[in-house]
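Dear colleague,

Please find below the structure that I am handing over to you.

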Amino acid sequence: MTSGIQLAALWLRKAKSAVVFTGAGISTESGIPDFRSPGGVWTKYRTVYFDEFCQSAEARHEYWTQKAESHKQFAAADPNIGHQIIAKWEEQGTIRGVITQNIDGLHQIAGSRDVLELHGTAREVGCLDCQARFPVDPFVDQFLETNEVPPCPDCGGRLKHATVSFGQSLPELVLHRAHRWCLEADVILTIGSSLVVYPAAGLPEAGKQNGAKLIVVNRDETGLDSIADMTIPGSCGEALAAMDAAL
């Protein structure tokens, strides 16, 4: 593993454009559970699809019940060493920025500035009717107190967390920019992602097909291990800390 870390650091050091792509594995080390894991929110409740949310008050209540529970699991979480190193690398110019599947906002709290959130952010809510955006905390508190879905304070419309729901398209502009980053990259470092959820996993795959070095750091096997130039199993934070020390 030591030689692999050193080679990965060498590739990053020489890269003209390096991109970091993160998934749930980097945030589990901050105490945020992977919602797909046993006991996670997605295993305890039924899926609320976007169309259903739009059409059904009952579905909106079910959605808010799930989101209120998951909110408690990440609202008090702090960035870990992995988030902090990625933010430092951006500040130093080692990487171009971060593409993330995560909705917890920990990259920004750690200090990352250029973060492309493929699945949105759970730290805000947005109105589907007037497009207003608000910090999420007061509305979660209101729901927990009243057990009623809060309306948009501006227009009374349907208020939803600013995340991408099942059946909802990824934000087109964010996806387009992330795709361009990966095509222009000569190194793509994926951290804590299973790389099986598309279209997100197609981004590092496209970069690899366009000539980028692909480095995969994850505790378990991923969907892109077979095409990766390097796989580093184990803790995301430990791997990043070792890589940072070798830069």
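How many aromatic pairs does a search of the whole structure find? The search finds four, where rings of Phe, Tyr and Trp (its six-membered ring) pair if their centres lie within 6.5 Å. Planes under 30 degrees apart count as stacked, over 60 as edge-to-face and the rest as tilted. One of the four pairs is formed by Trp64 and Phe143, which is tilted because the planes stand at 40 degrees, with the ring centres 6.0 Å apart. Trp64 belongs to helix 5 (residues 57-74) and Phe143 to helix 8 (residues 137-146), so that distant parts of the chain, 79 residues apart, are linked. Both residues are buried (under 20% relative accessible area, with exposed meaning over 50% and partly exposed in between; 1.4 Å probe, protein chains only).

As to provenance, this is a predicted model, in which local features need pLDDT of at least 70 and side-chain atom pairs count only at pLDDT 80 or more, while totals for chains, interfaces and linings use all residues. Residues are numbered from 1 along each chain as its sequence is written, and side-chain values use heavy atoms, with hydrogens and water left out. Helices (H or I, at least four residues) and strands (E, at least two) are DSSP runs, numbered from the N terminus.

Helix packing comes next. The axes of helix 6 (residues 81-92) and helix 11 (residues 236-246) come within 8 Å and cross at roughly 35 degrees; axes are lines fitted to C-alpha atoms over the stretch in contact, and angles run from 0 to 180 degrees between N-to-C directions. The contact (heavy atoms within 4.5 Å) involves, among others, Ile85 and Trp89 of helix 6 and Leu240 and Met243 of helix 11.

Cys182 is buried at 0% relative accessibility, and Cys236 is buried at 2%.

Finally, some backbone features deserve mention. Tyr198 and Pro199 are joined by a cis peptide bond with omega about 10 degrees, and Pro199 lies in the loop between strand 7 (187-191) and helix 10 (202-209). Leu195 is found in the loop between strand 7 and helix 10; its phi is positive, near 55 degrees, and Leu195 is buried at 1%. Gln131, by contrast, is exposed at 56%, and has a positive phi of about 65 degrees.

Yours sincerely
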